[in-house]
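Student: Could you walk me through this model while I have it open? I'd like to start with the aromatic rings and then move on to the strands.

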Amino acid sequence: MSEGGGRSYVVNLLRELGRDDRGFRFCVLAQPGQLHGIDTHGLEVQEVRIPARARVVWRVAYEEAVMPLVARRFDLLYCVADLAPRFAAAPTVVLLRNLNIYDRRWYDDARTRTLERLVRWGLPGARRILFPSQAAADLISERIPVPADRVRVVHYGISLDAFAPEPAEGAPPARYVFLPAAVEKHKNIEVLVDALAHVQDPELEVWIAGHSLLDPGHRAVLERRAEAAGVGDRVRFLGAVPYRDVLRYYRDAVAFVFPSYIETFGHPILEAMVVGTPVVASDIPAFREIAQEAGLYFGVSDP
């Protein structure tokens, strides 16, 4: 959960595929350890070993040269992370979901530019191009050529079973608002830290569940900002919280706050609403599409 929406999507998707009773056979291609902690019961898992040295180069080589050959024994190849092979024997569906590849205001480097070129290369070979929201489809289509006749918008889902009410186990240790998100620039955590200075309740805290492999130094920037604003002792970084454990943080929170600049969907909005935690979110198209009138919205740069 706290490792980002992409992993949340995979967690929910694989659990539901494992429960499917229509006679389909599903095979998941993943690197060793990549599915640690994810329920793959009922699924075939095939490990793909990619050398650690120059991993990006080897990954691209695998996806463009080897995966199309592996996919010959399947009726459909579904690529869940923007990149898909240009040529494959099986019909291919690709999900475009990482806005940082296309909107590089926060992370513009060789990695993101290369990923965009690879997306552009692979799209002509896709039978269908999925987006998790209409907002994502609109934003990404403005930046790269996407064949409109192949586009489908499919909202993410979550398992209600995982969010069944649980009896309270005493009072929460503190009053806090909760944000489960990767600690990265586009998540706009700064505005949430700054907002504490405007809160009349001096005991209200901000709890953030997540870390970042993309930008590991950003947490220190936020910690310094909180200290400078005099609220350093009221901002807690919980690190990565396993998906199965994150529910209690929603339940005990005064509110869930999602301040992102950009998102293609926003799993935590659904999760907070299912649990019954009030939703406060930045006023961006994806959040309006998903939460609609169930959320309270604020200007994205206004603490």
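Predicted model: local features only at pLDDT ≥ 70, side-chain atom pairs only at ≥ 80, totals over all residues.

Student: OK, how many aromatic pairs turn up in the whole structure?
Tutor: The search finds 13, where rings of Phe, Tyr and Trp (its six-membered ring) pair if their centres lie within 6.5 Å, and planes under 30 degrees apart count as stacked, over 60 as edge-to-face and the rest as tilted. One of them is the edge-to-face pair of F87 and W121, with 6.2 Å centre to centre and 80° between the planes.

Student: Why does that pair tie together separate parts?
Tutor: Because F87 lies in the loop between β3 (77–79) and β4 (92–95) whereas W121 is in helix α3 (residues 110–122), the pair joins parts that are 34 residues apart in sequence. Helices (H or I, at least four residues) and strands (E, at least two) are DSSP runs, numbered from the N terminus.

Student: And is F87 buried or exposed?
Tutor: F87 counts as exposed at 59% relative accessibility, and W121 as partly exposed at 39%; buried means under 20% relative accessible area, exposed over 50%, and partly exposed in between (1.4 Å probe, protein chains only).

Student: What about W106 and Y261?
Tutor: Those two are stacked, with 5.1 Å centre to centre and 25° between the planes. The pair links distant parts of the chain, 155 residues apart, with W106 in the loop between β4 and α3 and Y261 in the loop between β10 (255–258) and α8 (267–275). W106 counts as buried at 16% relative accessibility, while Y261 is partly exposed, with a relative accessible area of 28%.

Student: Which residues do ring pairs link into a cluster?
Tutor: The cluster consists of Y176, F178, W207, Y249, Y250, F256, F258 and F287.

Student: Switching to strands, how does β4 run relative to β5?
Tutor: β4 and strand β5 (residues 128–131) run parallel and are joined by three bridges, two strands being paired if DSSP finds at least two bridges between them. V94 has I129 in β5 as its bridge partner. The chain crosses from β4 through α3 to β5 in a right-handed β-α-β crossover, meaning that, with the strands pointing away from the viewer, the path from the first strand over the helix to the second runs clockwise.

Student: Last one, where is T92, and what does it touch?
Tutor: T92 is in strand β4 and counts as buried at 2% relative accessibility. Leaving aside neighbours within four places in sequence, T92 is in contact with L77, C79, A84, G125, A126, R127 and R128.

Definitions and conventions:
Residues numbered from 1 in each chain as written. Heavy atoms only, no water. Contact = heavy atoms within 4.5 Å.
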